[in-house]
Each structure stands twice: as structure tokens, then as C-alpha cells.
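This report describes the fold of one protein chain. Look at the sequence and the structure before reading on.

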Amino acid sequence: MYPDPVLRNKTARVEKIDSSLDRLIDDMVATMHAAPGVGLAANQVGIPLQLAVIDISSRENEGQRHPLLVIINPELLSLEGAVAEEEGCLSIPDYAEKVKRAAKVKVRAQDRTGKPFEIEAEGLLAKALQHEIDHLNGLLFVDRLSPLKKNIFKRRYKKFAVEKE
Ligand SMILES: [Zn+2]
């Protein structure tokens, strides 16, 4: 949870894809679905590794459902266009704001068996990929807000944190 420093550090490359990583992936998928959210990065559950899971199927209509995506050691190969859409984050509850992102992305990653793959995405999937890869680089969506909105966020969130205590 924000402002935990684990969210601010760059994560390490996954070198070993074994049964313990497999269990971590299953746990992350369960956590993401229970939240419910459309994506979760390993450092959000305190594990500083380059690993994230994405499942946008609950937000899609039946004809065009994307399958669950596991990305290990992901790299953004290309970014195209620009869109500004509302975003939220499981690590920053009760806060959403419009964030400027590329409209289309191309990502290279390894799947849960270690096999390399490339994926091109637009719409919600492009947004989720950028959001999760940001997490793995220690970035949060609030870092992408204008200085004015960032200030409003910090003040509002401080107040929210105090009220919750
Ligand atoms: Zn997030």
C-alpha cells in the first residue's frame, strides 16, 4: 500500500522460473481477482521481482475477451499515440484520476513457463500493461499527474490516511 517504500524501488529480473514462482503467480492472480482489480505487480504484494498479472476480461464483452496475462521481465518495445483516461490502483484505494498514456503499446516478456512472447495492445490492455510495467520500475500512476493534481492528491491522501487511523 502507498506510501510503502517497496512500491518505489525498481524490481529485480526474474532469473529462476520454478515451482515457487508458479505458486507466487497463482497467489497474485487470486489476490487480483479478490480485490477486484485488473492488474497486480509483484512488488504490490511485497515481492520486488519483474512480474505482473493482468486480467481485463471482467471489463470486456463476451465477444472480445482477452485471456489472463502473466508478464515476466517485461520490456516496452514501442509506444504510439496518446490517450488520457481515468486510472486507479489497488495500492492507492479510493483515488482515481485521468492519466496520459500511450494509446498503443508493444511489449516483450516471458510467460509463466519462461517462453518469450510479444504482445501488441490498445485500449484497456495497453493502459494496464503500462500501469503494471510502471509499478515494476517503482512508478505509480500519481507520478504521471500534472504538478497541480499531484499536490491535490498528496493533500487529499494525507487527510484520508489520518481519517482512517
Ligand atoms: Zn497499480
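**Overall fold**

The model is predicted. The chain has three helices and seven strands. Read from the N terminus, its elements follow the order α-β-β-β-β-β-β-β-α-α. The C-alpha atoms fill a box of roughly 45 × 35 × 30 Å along the principal axes. For 165 residues, a compact globule would have a radius of gyration near 15 Å, and the chain has 16 Å, so the two agree. Of the 165 residues, 27% count as buried. Among contacts between residues at least 6 apart in sequence, 58% join residues at least 24 apart.

**The sheet**

Five strands form an open sheet in the order β1-β2-β3-β6-β7, and the pairing is antiparallel. β1 and β7 (116-122) are the edge strands, since each pairs on one side only. From one strand to the next, the twist averages 35 degrees.

| Strand pair | Bridges | Opposite residues |
|---|---|---|
| β1 and β2 | three bridges | Gly39 and Ile54 |
| β2 and β3 | four bridges | Val53 and Val70 |
| β3 and β6 | six bridges | Leu76 and Val107 |

In a regular strand, side chains alternate between the two faces of the sheet. β2 can be read with this in mind. Leu51 and Val53 point one way from β2, while Ala52 and Ile54 point the other way. Are these four residues of β2 buried or exposed? All of them are buried.

**The nonpolar core**

In soluble globular proteins, nonpolar side chains tend to be buried together. The largest nonpolar core of this model has 25 residues. Ala52, Val53, Ile54, Ile71 and Leu129 have the most contacts inside this core.

Which elements each supply at least two residues of the core? They are α1 (19-34), β1 (39-41), β2 (51-54), β3 (69-80), β6 (104-110) and α2 (123-136). The largest share, six residues, comes from α2.

Ile71 shows how parts of the chain that are apart in sequence meet. Leaving aside neighbours within four places in sequence, Ile71 is in contact with Ala52, Val107 and Ala109. Ala52 belongs to β2, where it points the opposite way from Val53. Val107 lies in β6, opposite Leu76.

Methods: Residues numbered from 1 in each chain as written. Predicted model: local features only at pLDDT ≥ 70, side-chain atom pairs only at ≥ 80, totals over all residues. Core = buried A, V, L, I, M, F, W, Y, C linked by C-beta atoms within 7 Å. Buried ≥ 20, exposed ≤ 12 C-beta atoms within 10 Å, placed from the backbone. Contact = placed C-beta atoms within 7 Å. Pairing = 2+ DSSP bridges. Axes fitted to C-alpha atoms, helices over the stretch in contact; angles between N-to-C directions. Rg over C-alpha atoms; globule rule 2.2 N^0.38 Å.
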